[in-house]
Amino acid sequence: MPSPGSRFRSAVKAEHPLQIAGAINAYAALLAKRAGFRALYLSGAGVANHSYGIPDVGRTGLADVVIDARRITGSTDLPLLVDIDTGWDDPAVSVRELAGAGAAAVHIEDQVPAKLCGHLPGKQLVPTAEMVARVRSAVGGKPDSHFVVMARTDAATVEGVPAAIARAIAYVGAGADMIFAEALSSLEEFRAFTAAVKVPVLANLTEFGKTPYLTAEELGRSGVSMVLYPLSASRAAAQASLEVYQAIRKDGTQESVVSRMQTRSDLYRTLGYVPPS
């Protein structure tokens, strides 16, 4: 069977651009596969917010992410891209651990370790040379040549798009297989980025951020190879859960919201479970 990294690279070639669905747990991964996605993503914010109930400010570590990654890869054969923040203590170790958990790819970013969400103000970046060292370390941890190390740059909103492109080119020179261009604000910026960076480029379509709600078709025409929806489903699920909790608390019964719930039979369908008759 092809390695996880090979499956991720094949998915990038097979679908242009490749739509990557964020999945915060194994069941979400099954739902994304059922919807037809060819690749999955585990967000660092998803781990912090949903597994630990804390903001995404660099307080979770490698072990926390490995647990959730292993559960997802154990539930589906879709290739998984994993957010490893700034690489933690040793990016090579982080790559080896995530590869051992079944991940196909990781992305590592150029913020300082006390990181912020990529679409918030006040981000601080490490010098290019320091990020180059992170990338080289991560590449040194690859279990095989097919495993993907993606370098993320947050420089567009801090230093400007030309500086972000220059950083991305340096990261590719250090061995990055792909580039995550964070918080670009227009198709023109994506076109400039993809014209200059000669490896596959990912666009992050997170909600309530700097990047507008561009379509996959528009981004594909602009040279983007991958489009990421990191927390779309989990945001919707959280809002729906809150509304159900509120209805039960207010009404003393769930009857008014049962029509909005997944049925037991649909749950079993997703799980591939046939209950005893």
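K250 sits in helix α10, which covers residues 232–251. This is a predicted model. K250 has a relative accessible area of 71%, which is over 50%, so K250 counts as exposed. Its side chain makes a polar contact of 3.3 Å with the side chain of D251.

**A buried serine**

- S6 belongs to helix α1, residues 4–14.
- The relative accessible area of S6 is 15%, and the cut-off for buried is under 20%, so S6 is buried.
- The side chain of S6 makes a polar contact with the side chain of S3, at 3.0 Å.

**Helices α4 and α5**

- Helix α4 spans residues 62–75 and helix α5 spans residues 91–100.
- Their axes lie 9 Å apart, and the helices pack at an angle of about 20°.
- Angles under 35 degrees count as roughly parallel, so α4 and α5 are roughly parallel to each other.
- The crossing of α4 and α5 is right-handed.
- On the α4 side, the contact uses L62, V65, V66, A69 and R70.
- On the α5 side, these meet V93, S94, E97, L98 and G100.
- Sorted by class, the contact of α4 with α5 has six nonpolar, two polar and two charged residues.

**Helices α5 and α6**

- Helix α5 also pairs with helix α6, residues 128–140.
- The axes of α5 and α6 come within 7 Å and cross at roughly 40°.
- The crossing of α5 and α6 is right-handed.
- From α5, the residues in contact are P91, A92, V95 and R96.
- From α6, they are R134, S137, A138 and G140.
- The contact of α5 with α6 divides into four nonpolar, two polar and two charged residues.

**Helices α7 and α8**

- Helix α7 covers residues 161–173, and helix α8 covers residues 187–196.
- Their axes come within 10 Å and cross at roughly 30°.
- That angle falls under 35 degrees, so α7 and α8 are roughly parallel to each other.
- The crossing of α7 and α8 is right-handed.
- V161, A164, I165, A168 and I169 in α7 touch E189, A192, F193 and A196 in α8.
- Here the residues of the contact divide into eight nonpolar, no polar and one charged.

**A cis peptide bond**

- The peptide bond joining H16 and P17 is cis, with omega about -10°.
- P17 is found in the loop between α1 and β1, where β1 is residues 18–22.

**Positive phi in loops**

- D85 is not a glycine, yet its phi is positive, near 50°.
- D85 lies in the loop between β3 (80–83) and α5.
- The relative accessibility of D85 is 3%, and buried means under 20%, so D85 counts as buried.
- F208 is not a glycine either, and its phi is positive, about 60°.
- F208 is found in the loop between β7 (201–204) and α9 (216–221).
- With a relative accessible area of 68%, against a cut-off of over 50%, F208 is therefore exposed.

Terms used:
Residues numbered from 1 in each chain as written. Predicted model: local features only at pLDDT ≥ 70, side-chain atom pairs only at ≥ 80, totals over all residues. Heavy atoms only, no water. Axes fitted to C-alpha atoms, helices over the stretch in contact; angles between N-to-C directions. Helix = DSSP H or I, 4+ residues; strand = E, 2+ residues; numbered from the N terminus. Parallel < 35°, antiparallel > 145°, perpendicular 65-115°, else oblique. Left-handed = near helix turned anticlockwise from the far one by under 90°. Contact = heavy atoms within 4.5 Å. Nonpolar A, V, L, I, M, F, W, Y, C, P; charged D, E, K, R; others polar. Buried < 20%, exposed > 50% of the residue type's maximum accessible area, 1.4 Å probe, protein only. Polar contact = N/O pair within 3.5 Å; in protein donor to acceptor, adjacent residues only side chain to side chain.
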